[in-house]
Amino acid sequence: MALEEIRVCGTVQGVGFRPTVYRLAKICGLKGDVCNDGEGVLIRVSGSEEVITEFVEKLYKECPPLARINEVIRSPYLGKFDFDDFVISRSVNSVVKTEISPDAATCFQCQKEIFDPFSRYFRYPFTNCTHCGPRLSIIRAIPYDRNNTSMVKFPICGECEKEYQNVENRRFHAQPIACHVCGPRAWLERADGKPIISDMFSMLDDVDAVCTLLQKGEIVAIKGLGGFHLACDATLENAVQKLRSRKQRYHKPFALMARDINIIYEYCYINDLEKELLTSPSAPIVLLNIKDNQKLPFSIAPGQNTLGFMLPYTPLHHLILRRMKVPIVLTSGNISDEPQCISNEDAKDKLSKIADYFILHNRDIVNRVDDSVVKVIDNKIQTLRRARGYAPAAIILPPGFENVPPILAMGSELKNTFCLLRANEAILSQHLGDLENAAAFNAYQETLNLYLNLFAHKPEIIAIDKHPEYLSAKLGKELAIANQIPLDQIQHHHAHVAACMAENNIPLDSKPVLGIAFDGLGYGEDGTLWGGEFLLADYRQFQRLATFKSVAIIGGKQAIYQPWRNTYSQLISAFTWEEIKQKYGNLEIIKFIENKNPKLLNQIIEKGINSPLTSSVGRLFDGVAAAIGICREESSYEGQAAIEMEAIADVNILNNDEETLNYTFKFEKSDNIYYIDTSSIWREILNDINQHISSSEIAAKFHKSLAITVVKMVKQIRQKHEFYQVALTGGVFQNRILLKQVKMQLEKSEINVLTHSIVPANDGGLSLGQAVIAAAKYLKQVT
């Protein structure tokens, strides 16, 4: 008989893994025990080597739905062994190396129970089991036991205790187990503090009353899994406009939730992968193509051709929507640009002027976790915001990163995440928002401290962005100095490329790829702001081979929210203003800019007053959009103009191979760097506007021409530099048209294309790239 210790690493706590081990060990006739500890799950068994091997194989095959096995390590057991059966032992505190499972949407069995009058979980809004429910949002420490979560203040009743202790029950050791008798409760309050008259609704309970309120056109703040949401009936224009006005969110699309997928089918097209995503345990918001005959108000998603839908992912949502035959708006419960509220007191303080009613509960949210956002392009998932349902599941690093030290990467300024690197895995935080907002930066620091404590992570290197004014970089410097830790400053676009390489499992010592990084902007090696880069890169270094010719970004950050400034910068780089007025003075865009005092604008550019140079493709998109009348005066969120221009692009032109339907970008070369000159396309664009070519045609021609130009540049570079793979990264490559066109044309040339899937192409994935670059540099130094 063999005695073995079996270490299982991965997402194996709080997901029903120990009951599975117990069941399989009993089937195999093994003796021993299983327990949770800081490293994952530890199994000690006695039996023949053949049977133990069979047992391990079964573990892989019958892994619980929310579990993920990264590694199984078998070794002889040399300690005391006095088991005459197989048992589940108490958790052991040890060095933390395990993972935390993401929050998971309500499973089908729990859904059935909350609607079953004969179940003791009937209409209980916090029903869960080992296959679903809160994880990251309630955890304070590892191991994942009830006393380390916000459920500790709810002692379980006798009936729940029976299920918790019954290894045959799916709630065996489900840490958040609760019921009407012993668990959290939900209640309804008016925002104005007045009492609710009990007979004013036809309702079963306070949760059911929310549905009636929504149907009456009220706005309700709902305390959910990882934060508050604001909800209203999505079919009522007045309610949607009232929510926009009160929240001061005037244009950004609202997320929607529908009771079931059949309701979503009434408004959007859904393919198989999109359906799989909607109904998965992650239950993200999925961006879906809108049907022409759908009847939702335009104000739900102004200027968009997609709607962001999700399905109910908690029992509370299922119960609220039981009688709701139309979608509801379910948007983050916050004042514009601030983080979601997570406490009852904070919500009542900040949201009482937005919401008419609150549905509250008394289970604390420990970790703020926003909804994830994904879309499908060419039958591949593209993550736009990685949060609930995905974070903090570890990302396994490519071969070569097995022996990295603990590294902390601080991320960017916008769409921030941070990353903890250890052994061969990266733990990417949930989306934390834009740090330029003080409340968001405070939340970032709180979440960072929580993660460092949860994972007992003591970084030996801190990686930051090179931008001297990023708050995340400043904080990283302070931490490095205070803890005497080496600091590694990583170039923004190199980090984008490295993140794409890492999630595509490109080994550490692979040959360089050509990274094409298009975004809003990032701090460049030459002190200018980059954003349209072709970098020959591996994990340790990069060479800038091509870029877009820089133009001034007038007013700095103002240009993000006033797209006409980008139009003017582009135009003035191609012509003098007198030339423009003489030939195109009759055009609306020229008349518009003429009223903005071009003489003063020229002086600002010439004197370099808050007008840094940038090669940004994101700002180029803004400039073209404003020229054709999209968000010309202002945009209320970054990328709005580009997103709305993508939405109107003429599909027929995109599918047409005629060269005459393209704009011509020029190539120049200086100091061994190719420059893409945009000045030539502006004469063609203005001529099209002058000839009354529609905005949808111009938008399509621009997208198509840019894609052709990118591919031409790749082929130009390939004549002198060897590479076999191209990585498409940066926020601009969230543009469905550009991504598909570039990818398709490169693959026709037999070039392997790397794109993002599980990690955002935008700055939400930047911290992963920073971390692997810092790790690669370290590994080179020690070898």
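How many nonpolar, polar and charged residues are in the lining of the largest cavity? Keep in mind that this is a predicted model. The lining divides into eight nonpolar, seven polar and two charged residues. To find the spot, select Pro125, Leu225, Thr314, Pro315 and Arg363, which are the closest to the cavity's centre among its 17 lining residues. The volume of this largest cavity is about 140 Å³, and the count of cavities of 30 Å³ or more comes to five.

Next, go to the second largest cavity, with about 70 Å³ of space. Select Gly14, Val15, Gly16, Phe17 and Arg18: of the 14 lining residues, these are the closest to the centre. Helix H1 (residues 17-28) gives the largest share of this lining, three residues. By class, the lining has six nonpolar, seven polar and one charged.

Now for the backbone. Most residues other than glycine have a negative phi, and most peptide bonds are trans.

- Select Ala391 and Pro392: a cis peptide bond joins them, with omega about 5 degrees. Pro392 is in the loop between strand S15 (380-385) and strand S16 (395-396).
- Select Ala283, in the loop between helix H8 (272-278) and strand S10 (285-289). Its phi is positive, near 45 degrees. Ala283 counts as buried because its relative accessible area is 2%, under the 20% cut-off.
- Finish at Lys415, in the loop between strand S17 (404-409) and strand S18 (419-423). Phi of Lys415 is also positive, near 50 degrees, and Lys415 is partly exposed, with a relative accessible area of 28%.

Terms used. Residues are numbered from 1 along each chain as its sequence is written. This is a predicted model: local features need pLDDT of at least 70, side-chain atom pairs count only at pLDDT 80 or more; totals for chains, interfaces and linings use all residues. Side-chain values use heavy atoms; hydrogens and water are left out. Helices (H or I, at least four residues) and strands (E, at least two) are DSSP runs, numbered from the N terminus. Buried means under 20% relative accessible area, exposed over 50%, partly exposed in between (1.4 Å probe, protein chains only). On a 1 Å grid over the protein atoms alone, a cavity is a set of points where a 1.4 Å probe fits but cannot get out, and a pocket is an open set with protein on both sides within 12 Å along at least five of seven lines; lining residues have an atom within 4 Å of a point. Grid points are joined across faces, edges and corners, and a volume is the space filled by probe spheres set on the points. Ala, Val, Leu, Ile, Met, Phe, Trp, Tyr, Cys and Pro count as nonpolar, Asp, Glu, Lys and Arg as charged, and the others, Gly among them, as polar.
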